[in-house]
Amino acid sequence: MRDSWEIRLGGSGGQGLITGGIILAEAAILEGKQAVQSQSYGPESRGGSSKAEVIISKESIDYMKVRAADLLLVMSPEAAKKYVDDVKEEGIIILDSTYVKDCEPKKGKVYKVDISRIARQDVGREVVANIVALGVIVGLTGVVSREALEKAILARVPKGTEEMNKKALAAGFQAIKSAVSAA
Amino acid sequence: MNVTSINARLMQGNQACAEGAIYAGARFYAGYPITPSTEIAEVLAERLPQVGGKFIQMEDEIASMAAIVGASLTGAKSMTATSGPGFSLKQENLGYAVLSEVPCVVVNVQRLGPSTGGPTAPSQGDIMQARWGTHGDHPIIAVSPSSVQECFELTVKAFNLSERFRIPVLMMLDEVIGHMRERIVIPAPGELDIFERKTPEVAPSQYVPYEPQDDSLVPPMANFGEGYRYHVTGLLHDDTGFPSNSPAVMGAHQDRLHEKIRRGLNEIIMVEEAETEDADVLLVAFGCMARSAARAVKEARAKGQKVGMLRLITIWPFPEEALRQLAEKVKAIIVPEMNLGQVVDVVKSAVEGKVPVYGICQADGEIIPPERILEKIEEVL
Amino acid sequence: MFAEIEQYFRTERLPHIWCPGCTNGIIVKSIVEAIQKAGLDQDKTVIVSGIGCSSRATGYLNFNTLHTTHGRALAFATGVKLANPELNVFVITGDGDCTSIGGNHFIHSARRNMDLNVILFNNNIYGMTGGQYSPMSPSGAKATTAPYGNIERPFDICNLAIASGATYVARGNSFNTRQLTDIIYNGIANKGFSFVEAIASCPVYYGRKNKLGNAADMLKWQRDNCITKEAADRLPPEKKQGKIVTGILHHEPAPEYTTEYQKIIDKFQGGEES
């Protein structure tokens, strides 16, 4: 793994991206790494635009905000428009193609994954789209180990939803595997 | 795995502040909901009864400040938390606590002002209010953490200073530090020093409540309900605690309040220096801005520019001495702060024209990024 | 007479600052007698006051006393009582202090029902600042800030206390001290928010401005214009017109705040997980 990842997760309120960011940071800490998670709140907790940022590093982290992202995940057209240019030249962009269409980023390596549809149809509930997304991110980058991620997810999700979340995670890993081999 | 890594976890700054209070022995919290400090109240509403402490949501900010002073007089380490508009309302009874020398900790998670301003927008705009918010001449202690770990540890320290010097201590967070989550290692019990307030050693009949017993000029404090019947007032008073309008008594009271803090400066002043040994340019920063400045130092050094930082952990009393010493060595000072010029003017006055001092001042609800500091460094070098 | 209650006073602080003819001292004596009658431990009793003439009483009383900021006595007292429910907590306040600047604390303290004993000294005026009208100055009354007569309507503070949820509400005056002592004593027995309005007279500012005669005349006025609740209950409405009803006006016990909080502690103390 590289020494440091600056990750930005953008979408709509209610898509669980802040929780996703927290889980990713917790997974990093479980592995003994440093992590900082910050967020911006829209006035609406549902439906407005939402952004979570996570920095994961082997070293201590000084500046806590993501400048140009190493990895950007966008799950809404508004977020795509807003954040797609703030990515490093060699950065990674993951588009949730369920909602983000007609977006052709000028830089970065782009992966289009049908994240929300997979959550809805393959796992059974769209509310776990954030967990599918974490599977996609970690499957692609290895920013944290799958074991640490699963542990962090299970510690955070409501009791009784563990199996569904595991299924969502597995679906995410599978989806990115297919996307990479198709590319 | 050793003990510390077992205790490592992701935590929000506001939560770390609340947990630090519990660790310090806080057993009373009164507050009023206000963004972006509310998590502190929420955590303590749940945590305090678990340790036998008390939480109360008061009818307003003024009452919250009053209630913690009342609680502290019974011996309970007490805290409240707020943000801009609430901090304005606290000023009345904050002054009361200063004058009557009742220990307490007041957290201000700074947001963009004035007035309702920007409730979720970070700011460092209450620095001067922390110093002079309540009326009249008065000393104050204000500290500002730059990390989640420090939210915890500095809250413990804030309680210690408050109990030690019998003065309210202001924890000046900002929205960035209060809301971000990062790795924290919760100290084991006993790992951090905890100071317990000095109580009288004499019998009640011999107790003179405001008479200092040593050079610290901080008198021992009796808890209400323990047989030491004495009077507490917001009027200037003599050592017995009873009011007086004699100029000699009123002047002496004011002088002692200031002098006890002056004598404690070695314990109170906390700063951190980074890369200052050979620095040509010194950044002076605090709170979340110290994180941006730390990155700027790193990137400037990578370009071969000699830049260092003085991080202010204690803001009031202002660390003038540390700054003066550095001013002897550097060629310029830059103060990046999320307000339109508060600390920068204090820095200017402290260095008395020895070196040029530049502010990077911004009050738009965004943290000032390292790029802007780096630009300024290019400009002054 | 004084010898029996002398232990409750800081005699070295006397004489007090109140003007000749002011009845604050009479009311303070009733408070002290009620404390004595209730057998409260002097070392476990805290008296809190705000700002104003009556609030200066704390300086003369031999307890842990807390003279706070204007209007805030109840909020300070709330902190004292909740932090240490073992303490008997009294609040001495005036009509300006309690019902104007402290009005919000008053209604919420009544609603919360913490075991506090509140005695409001109602002299219908701001005395300490020299005679301005208060929220309890009668309509038409003159004051330095109402030179043409007060056009505002006064609070019926006892009704406000009842409406806000106080579990014990009583009114007395400084003429009938036996009754006043009794209603304060009964308030101590109520485990909850107990409120007593004590009618005081201020001959120097309120009396002089409104041509009410000397101190004795003002006490006579209290005697002639107050009727007990028992008497009032027997009178037809037209005979009650303009009379001030005294005695216990309301007593309806309810769960007390610190007792309820202790139940939470008992249930959750030792729980580690946050």
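A residue counts as buried if 20 or more other C-beta atoms, placed from the backbone, lie within 10 Å of its own, as exposed with 12 or fewer, and as partly exposed in between. This is a predicted model, in which local features need pLDDT of at least 70, side-chain atom pairs count only at pLDDT 80 or more, and totals for chains, interfaces and linings use all residues. Residues are numbered from 1 along each chain as its sequence is written, and chains are lettered from A in the order in which they are written.

**View 1. The buried side of helix α3 in chain A.** Helices (H or I, at least four residues) and strands (E, at least two) are DSSP runs, numbered from the N terminus. Look along α3(A), residues 115-123, and you'll find A:Ile115, A:Ser116, A:Ile118, A:Ala119 and A:Val123 buried. They cover an arc (taken from the directions from the helix axis to the C-beta atoms) of only 165°, so they sit on the same side of α3(A).

**View 2. An open sheet in chain B.** Here five strands line up as β11-β13-β12-β15-β16, with mixed pairing; two strands pair if DSSP finds at least two bridges between them. β11 (271-274) and β16 (357-361) of chain B are the edge strands, each with a single partner, so one side of each has no neighbour in the sheet.

**View 3. Zooming in on β11 and β13 of chain B.** These two strands run antiparallel and are joined by four bridges. Spot B:Glu273: it stands opposite B:Leu310 in β13(B).
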